[in-house]
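Dear colleague,

I am passing on a structure for you to look at, and below it I have written out what was found. Please keep it open beside this message while you read.

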Amino acid sequence: MLELGLFYIAATVSLVSTIMAVTRYNAAHALIYLIISLLASAIIFYLVGAPFAAVLEVVIYAGAIMVLFVFVIMMLNLGASGDVQEHVLLKPAMWVAPSILCIILFAEIVYVLSKSEQLLAAQVVGPKAVGLELFGPYVLAVEIASMLLLAALVGAYHLGRSYFVDARSGRS
Amino acid sequence: MNDAIAIPMNHGLLLAAMLFMIGLIGVLVRRNIILILMSLEIMLNACGLAFIVAGAHWGIADGQVMFMLILSIAAAEVSIGLGLLLQVHRRFRSLDIDQANRMVG
């Protein structure tokens with residue numbers, strides 16, 4: 001029963017920090033809230049019996065990917081100039097209509113999910129089972145993921161070069 | 001290692017749907033490219049959560065395998081997205097995505 005409470009606490013923390021992350025004006029503050037949300041997700045992964053996925057969530061998502069965001073925010077050194085326009089754009093007239101449309105879709109999902117009363121299988125699926133599955137039936141997906149990461153590497157290298165702007169727009 | 005807990009499956013999927021919806025609203029509403037990329041990360045993470053919960057329902061490892069593939073997709077997406085962000089900032093001196101809505105033919 002205590003563990004069930006842990007799940008709901010982690011879910012609440014995840015939801016609140018995600019809402020805070022989406023509504024912040026400052027990108028660095030939003031990033032910190034997003035990291036909290038990811039850590040709460042990692043706790044949920046551990047609780048439902050996926051410890052390897054929880055470790056990957058902390059190491060890769062909250063570690064590597066968020067550090068990329070931190071690097072970019074530090075490189076751009078934004079300061080307070082962008083906050084003024086965000087204040088203008090976050091007036092209720094700007095966000096009410098998309099939010100209502102999304103909430104309609106969400107209500108449909110809630111209606112569909114409310115029909116099932118199944119429980120999760122309370123068993124831990126450890127790293128060994130994941131590895132056997134990953135390099136057994138899913139080995140082609142691993143190859144595809146490696147090709148995707150290679151393409152991302154080449155693309156990021158190309159986009160990060162400094163002469164790209166000069167060649168296209170003709171100004172220095 | 002202690003046993004996992006038997007939470008109701010629809011509560012886990014409901015949490016994933018809520019996180020996905022918050023991320024979707026973020027993509028639709030925000031105009032800062034960094035915040036849009038972060039909202040996309042929220043959406044991908046919600047998809048991963050749904051896969052993990054569905055895999056835990058049957059007690060199999062396929063959900064975690066799919067989560068790892070989503071993880072690699074997120075890494076590729078964010079590296080390309082941040083490269084594009086740097087180019088936009090270099091060209092327009094701003095992170096407002098409305099500055100970059102004209103196509104140059």
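The axes of α3(A) and helix α3 of chain B (residues 62–92) come within 11 Å and cross at roughly 0°, where axes are lines fitted to C-alpha atoms, for helices over the stretch in contact, and angles run from 0 to 180 degrees between N-to-C directions. Because angles under 35 degrees count as roughly parallel, over 145 as roughly antiparallel, 65 to 115 as roughly perpendicular and the rest as oblique, α3(A) is roughly parallel to α3(B). Helices here (H or I, at least four residues) are DSSP runs, numbered from the N terminus.

This is a predicted model, in which local features need pLDDT of at least 70 and side-chain atom pairs count only at pLDDT 80 or more, while totals for chains, interfaces and linings use all residues. Residues are numbered from 1 along each chain as its sequence is written, chains are lettered from A and ligands numbered from 1 in the order in which they are written, and side-chain values use heavy atoms, with hydrogens and water left out.

Among the residues of α3(A) that meet α3(B) are Phe52(A), Leu56(A), Ile60(A) and Leu68(A), and their partners in α3(B) include Phe67(B), Leu71(B), Val78(B) and His89(B); contact means heavy atoms within 4.5 Å. The residues of this contact between α3(A) and α3(B) divide into 20 nonpolar, two polar and one charged (Ala, Val, Leu, Ile, Met, Phe, Trp, Tyr, Cys and Pro count as nonpolar, Asp, Glu, Lys and Arg as charged, and the others, Gly among them, as polar).

Turning to the whole interface, the contact takes 86 residues from chain A and 74 residues from chain B. The two chains bury about 7,400 Å² between them, 76% of it on carbon and sulfur atoms, buried area being the accessible area (1.4 Å probe) that two parts lose on being put together, summed over both. In chain A, Tyr61(A), Phe69(A) and Leu120(A) lose the most area to chain B, together 9% of what that side buries.

As for salt bridges (a side-chain nitrogen of Lys or Arg within 4 Å of a carboxyl oxygen of Asp or Glu), the count between chain A and chain B is zero.

Within chain A, α2(A) and α3(A) pack at an angle of about 170°, with their axes 8 Å apart, and they are therefore roughly antiparallel to each other.

Best wishes

Notes: Helix = DSSP H or I, 4+ residues; strand = E, 2+ residues; numbered from the N terminus.
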